[in-house]
Amino acid sequence: MPFPILRTPLVVLSEIISLLEPNEIVTASFCSKNVKRLLKYHYQRRKPLGWRLFLIQYEDCRHWISIETPEDGKRIEVLSAEHISKLKKPIPASLATNEFITEYKLGYVDLYYEDQVMGSKTILDYVTDLFNLDIYGLEIDRYGTWVLDWINERKEKMLISFEFNETAHSGNNSYGDEALDYVLRNLPASDSYILDEFVSEKFRSDGKLGPANHLLIDSYGHWVTLENLMNFDFIKIVINESRLSVSDVYSFLRHWRTGGSPRLTFLRLEFESQRIFENFEDMLGVVETEISGEYRFDGENRHFDHGYSIQRNDGVKAVLDFGEEHFVMMVCIGENVYDRINYRKKNSDQQFLLHQVV
């Protein structure tokens, strides 16, 4: 016997809705206009706390909306858009009037469009309107760069997370130089950026990035020059596969000591090949040596025993840890960055403890 949900008292109905997962709510909203109106009214009164809405736009994949909930931190796919050519059944005549075909899958709803760009826009507008949520994160590859213009034109709240990832078909020297250049010039306003596109040896960028909080160049960081690094305006920067030389690192530290990159609190470079840091103390006027401590990076505590301390012209200090394959800089500007900044030399009573979350 069907459950009379539309005749259920609001108090009871609210409890029922609170038990549903985001994908179950979206699926239920397609039952009828009345059910959708009821669910939308519920979330206008009770905006879901801690829910994060992501738009994922990749070539050769469904374009979909996922929601991350605070209970387990896992993303739940709630609605997707595919091209009509991927529909594995005869195309019904209703497509001419509805502009899409609805297919109910196990756990989510698929919408099939002749115009997949319109489909992507539609599913984002549908879910943000239903849950009274702003888009939290955007993930695209080189085939989804059109989304940047649309997101920038929407002028909604700033994104928290933007990821530009390598396409699944980047092999055979299929470089994404043009796409990455477009992305760097048209980045949406976001709190953090992750760049992971396969680019050629010749790729370079002359633009400025930021201001924002976090920048991660997850791979193919060979294109980042000293000038790029000086022009990055972020609080935390991580660059993998870096080709910056020891001389470049020294130049950047001199740039920082004279007031450059004033917002930077954490920098980590993972070098593509080994580096030898010679004459370090003579080059940079080291304040202290043999500093021991740890910092948190990539979900792990990283310990170091032979750190150095340098000082900016305004008195702010930074602790440096480096080896043949990495360089780390941690700026001590207050307890909002580190749990404790009162460090001592290695053999003293109290060691340097950093809790820098990246």
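Me: How do the residues lining the second largest pocket divide into nonpolar, polar and charged?

Reply: This is a predicted model. The second largest pocket has a volume of about 290 Å³. Its lining is made of 17 residues. By class they divide into 9 nonpolar, 3 polar and 5 charged.

Me: Which residues lie nearest the centre of that pocket, and which elements give two or more residues to its lining?

Reply: Nearest the centre of the second largest pocket are S18, L20, Y43, P48 and W51. The elements that give two or more residues to the lining are α1 (10-18) and α3.

Me: What arc do the buried residues of α3 cover?

Reply: Buried in α3 are V35, L38, L39, H42 and Y43. They sit on the same side of α3, because the arc they cover around the axis is only 130°.

Me: Which residues of α3 are exposed on the other side?

Reply: Exposed here requires over 50% relative accessible area. On the other side of α3, the exposed residues are K33 and R37.

Me: What arc do the buried residues of helix α2 cover?

Reply: Helix α2 spans residues 22-29. Its buried residues are P22, N23, I25, V26 and S29. They are on the same side of α2, because they cover an arc of only 160°.

Me: Which residue of β10 stands opposite H214?

Reply: Start from strand β8 (residues 190-196), which pairs with strand β9 (residues 212-217) in the parallel sense over 4 bridges. There, S192 stands opposite H214. β9 also pairs in the parallel sense with strand β10 (residues 234-242), over 5 bridges. In β10, H214 stands opposite K236.

Me: Where does F203 lie, and how far is its C-alpha from that of W223?

Reply: F203 is in the loop between β8 and β9. F203 is buried, because its relative accessible area of 4% falls under the 20% cut-off. In sequence, F203 and W223 are 20 residues apart. In space, C-alpha to C-alpha, they are 6.0 Å apart.

Me: Which residues line the second largest cavity?

Reply: The model has 2 cavities of 30 Å³ or more. About 30 Å³ of space lies in the second largest cavity. Its lining has 5 nonpolar, 1 polar and 2 charged residues. They are L180, L195, D196, E197, I217, S219, Y220 and W223.

Me: Why is strand β15 largely enclosed by the rest of the structure?

Reply: Strand β15 covers residues 326-332. H326, V328, M330 and C332 point one way, F327, M329 and V331 the other, and all are buried. β15 is largely enclosed because its buried residues number 7 of the 7.

Me: Which residue of β15 is the bridge partner of F322?

Reply: Strand β14 (residues 317-322) and β15 pair in the antiparallel sense over 6 bridges. The two form a hairpin with 3 residues between them. The bridge partner of F322 in β15 is F327.

Me: What is the omega of the peptide bond from G210 to P211?

Reply: Most peptide bonds are trans. P211 sits in the loop between β8 and β9. The bond from G210 to P211 is cis, with omega near 5°.

Me: Is S261 buried or exposed?

Reply: S261 is found in the loop between α9 (246-257) and β11. Although S261 is not a glycine, its phi is positive, about 45°. Its relative accessible area is 11%. The cut-off for burial is under 20%, so S261 is buried.

Me: What does E290 count as at 36% relative accessibility?

Reply: E290 lies in strand β12 (residues 288-297). E290 has a positive phi of about 55°, and is not a glycine. A value of 36% falls between the 20% and 50% cut-offs, so E290 counts as partly exposed.

Terms used:
Residues are numbered from 1 along each chain as its sequence is written. This is a predicted model: local features need pLDDT of at least 70, side-chain atom pairs count only at pLDDT 80 or more; totals for chains, interfaces and linings use all residues. Side-chain values use heavy atoms; hydrogens and water are left out. Buried means under 20% relative accessible area, exposed over 50%, partly exposed in between (1.4 Å probe, protein chains only). The arc is that of the directions from the helix axis to the C-beta atoms. On a 1 Å grid over the protein atoms alone, a cavity is a set of points where a 1.4 Å probe fits but cannot get out, and a pocket is an open set with protein on both sides within 12 Å along at least five of seven lines; lining residues have an atom within 4 Å of a point. Grid points are joined across faces, edges and corners, and a volume is the space filled by probe spheres set on the points. Ala, Val, Leu, Ile, Met, Phe, Trp, Tyr, Cys and Pro count as nonpolar, Asp, Glu, Lys and Arg as charged, and the others, Gly among them, as polar. Two strands pair if DSSP finds at least two bridges between them.
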